[in-house]
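Please open the model in your viewer and follow the selections below in order.

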Amino acid sequence: MMMDKSNDNPDEDNVSLQSNEKMANVAVKETLGVLQSLRRSFRRPSEKAPRSPKSKEFKVTAEAEAAGSESDAFLSQPPPSPGLRASSPPSPSPRSSEGFFLKREEDQPDVHKHKPLARSKTDATSSRLGDSFMKKGASFRRSLRFGNKRDGERNGKQGPPLADDLLEKTDKKEEIIKEVEELYTLPEIPQTPPSVMQISKMIEVEVLEVAHVNLLSLRLEYQKEREQRAADCSVELSKKEKDLNLLYRDLRNKISTIVRESNSLPVSNKALLVPIARIIQEEERRAGEPGGLPDSWMEAWRESVYEGVRVKVNNVHLDQREQNSSWLAVHLGLLGKTIVEDLENVKRDLKISYPASFRVFSTYVTKYHKVVGQHLKKLEPEVTELKDLYALLDWILNEYESEKIMSCPSLQPEITEEHTVLQLEENFLKQLKDKFCCKVKEDMREILERVIQLEFDDFWKDRKMPQKEDNFLNAPFHMDIWTKVKGTIVNCGKLEPSLEKKVTSSCIGELKNFPKRFETEFKRHCSAFQPQPLWAQYLITYINSFAALLEHMEGYQDSCPKEVEEFRGEVKWLIARLRQTLEDQFKEDIKPYMRRMMTRKWLTSDEDFNHLRHHTELLSQHCDVTRPPHAQEFVSELHYHVVREYIGQLMKYNYNCRNRRHERAAAKIRHQWSQLRHLFENMKSSHEWLHHVGDDLSDIIGQKNKKEIKNHLMPLVEHYSDFSRKHLVAVLYFRGLQRGREHQLILQQLTKLKKEVGNVNKKRSQVLFEDIQVTARTDCLSRLLFVWDGVMQGES
């Protein structure tokens, strides 16, 4: 190899550079001249001697031998030397040699196929070098876009019958796909390498195998000189080492570019991958020898595959969020389609261009796992909406491994051997799930705020009457909330069971604060409505609605018991406060009428009781539109209050029925009590035990003969064991019996009966008289009477 030895004279360097460029052009023309000569030799009439039986370069099928011995004679001739010489004048090509030589070598194992030979050494026969020129020259012609078969036919020139027959047979066998064999024959390495510029030109125009063989020649020359000058590191040797490094870098860069773009090139350009695979194999074999690159060629090839995949993924169309609300779903759909189409191309076209040891399909799949994982990581900061987060998680957890993408039937059976899981960064999926759950909470919070705003807009602002559903007052927001929660949880269950549980916890956890928030806004906007009937209707509506919402959420008790229990507590407290507000309104409404019971006016007029009955009937109407069990709880509580307040008026010493007015008073108590009892029975009060007290007291008050009173104490004591002496004194006072012997006997009889009955029938849940306060009498006579009663009781 001729190398420039001096850089002192710039003019000489320019002349040398121009000379090198001319020599490189001559080398290119020489290569074409070799191809023309080989083609003319191939098309001569069949007058040559048969192929030597010692030749081991090709197998000839019986079909090809029948077509003529012309190709055998051609293959037995030694090819021209690859060194620099005057090129043969190019003659017009009636048919491109590209298709024939490449397909004869690669796609037509039945016509001419290599035997699996061991790699040749530098002293191999010159016929192997000629074979290399034939193959690589064809690639070179393709890079220069020489004419093809159709061009020859268009010019009215046809090849010899033998070539036509072979090409026709090749076309028929194109569908037979076989991978490149693992073993290969290295073309003969020239004894004298061409110049650096010539090798560089060969790399530039993609005559890669020819360039590589000559690069190996230069490398062997460098190794030989290095051994000879082991003790003397000359400038010339250092320069040659630098040239080798630069040429190898150029070769690797060219190979990387071709590999990177190989899955985007037309099928006809992918024949370059075969010599690239051979170059990589040879360089891997020579790894560690002086003059080569220090790092792995196979790793460089894998990195080129990775870069090609990365470019492919990054080129998938991506809309701006502002332009398309479904930007991410569209992008992921296109990304999945690109992955499948690219891997189908690898399986169909690229896989057969490499030996099996390259594991081409597996490498592309692995690189897609890595690149797609990185691509999704880059997309993640832009994904902020709940629907987009769901689309991303669904694509990662379900679609990527499904038949839509990695398990696509068109990728079988190769894909069944591959790992189909994305290579995501550590904790990326966990962070994405946490982000999704946080977004679920934010989204739920916004929905709940909208619920309150809708209530204000649709009802509170215009004081609109609430709606009814199944004859019960109802606000539809509980169904809206449940539908949203259920839909979110069900959809998340399609992603992953563990995520479903986390999302359920997030949803119900956010609901925990909703009852208090709703109550605050409701009272702020609607407190001015009380004591109007609309206020009570709103209270009942929200008792019903929150009870229904709690019933919906209790279905998730097993999956997140803590959150459900916390939500249950908040809802129950809200319902209790709403019910208490409704009870307080009823109590406040009947309070002025209750005060005038058991008075002179009461005895002579029914006006106050009619008001009491009216409000009780309104209460009944409210209960009719309240869902069970809250209606019964509400009625029972107010039933107890009405009984306690009505009977309690007897204990206040407001009125004394003298002059036989006690019979009239007893009849009125019995009549009014019957009406109240009927109302509460219709409302299905659970306090049936309260029904007896009115009749029992009427019997005592209405007795004509005061001596008979002590005989009617037993039912009252049996029904209400907490009925005490002080309560009896108040009742006797109302009846008109304040003192005397009969008064004492009646009190003594009560004491006796209470001892007999004892606490057998006493139930804490049926306490009435203990909650009824007896008003103390402050006059002197009453104090003397109580002292006398005490003395008499002690003597007895």
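Select Ile700 and display its surroundings: apart from neighbours within four places in sequence, Ile700 is in contact with Ile709, His712, Leu713, Leu716, Val731 and Arg735. This is a predicted model. Ile700 belongs to helix 26, which spans residues 692-702. Its relative accessible area is 0%, and since buried means under 20%, Ile700 counts as buried.

Next, select Trp395. Together with Phe514 and Tyr646, Trp395 has the most contacts inside the largest nonpolar core, a set of 188 residues. The helix that contributes most to this core is helix 20, with 13 residues. Returning to Trp395, and not counting residues up to four places away in sequence, one finds that Trp395 touches Leu332, Leu335, Gly336, Ile339, Val372, Leu376, Tyr400, Ile405 and Leu422.

Now select residues 533-553, which form helix 20. From first C-alpha to last, its 21 residues reach 31 Å, close to the expected 30 Å. Helix 20 is mostly covered, with 19 of the 21 residues buried.

Finally, select helix 8 (residues 196-204) and helix 10 (residues 235-261), whose axes are 10 Å apart and meet at an angle of about 10°. The two helices are therefore roughly parallel. Helix 8 makes the contact through Val196, Ile199, Ser200, Ile203 and Glu204, and helix 10 through Asp243, Leu247, Asp250, Leu251 and Lys254. By type, the residues of this contact comprise 5 nonpolar, 1 polar and 4 charged.

Note on methods:
Residues are numbered from 1 along each chain as its sequence is written. This is a predicted model: local features need pLDDT of at least 70, side-chain atom pairs count only at pLDDT 80 or more; totals for chains, interfaces and linings use all residues. Side-chain values use heavy atoms; hydrogens and water are left out. Helices (H or I, at least four residues) and strands (E, at least two) are DSSP runs, numbered from the N terminus. The expected span of a helix is 1.5 Å times one less than its number of residues. Buried means under 20% relative accessible area, exposed over 50%, partly exposed in between (1.4 Å probe, protein chains only). Axes are lines fitted to C-alpha atoms, for helices over the stretch in contact, and angles run from 0 to 180 degrees between N-to-C directions. Angles under 35 degrees count as roughly parallel, over 145 as roughly antiparallel, 65 to 115 as roughly perpendicular and the rest as oblique. Contact means heavy atoms within 4.5 Å. Ala, Val, Leu, Ile, Met, Phe, Trp, Tyr, Cys and Pro count as nonpolar, Asp, Glu, Lys and Arg as charged, and the others, Gly among them, as polar. A nonpolar core is a set of buried Ala, Val, Leu, Ile, Met, Phe, Trp, Tyr and Cys residues joined through side-chain atoms within 4.5 Å.
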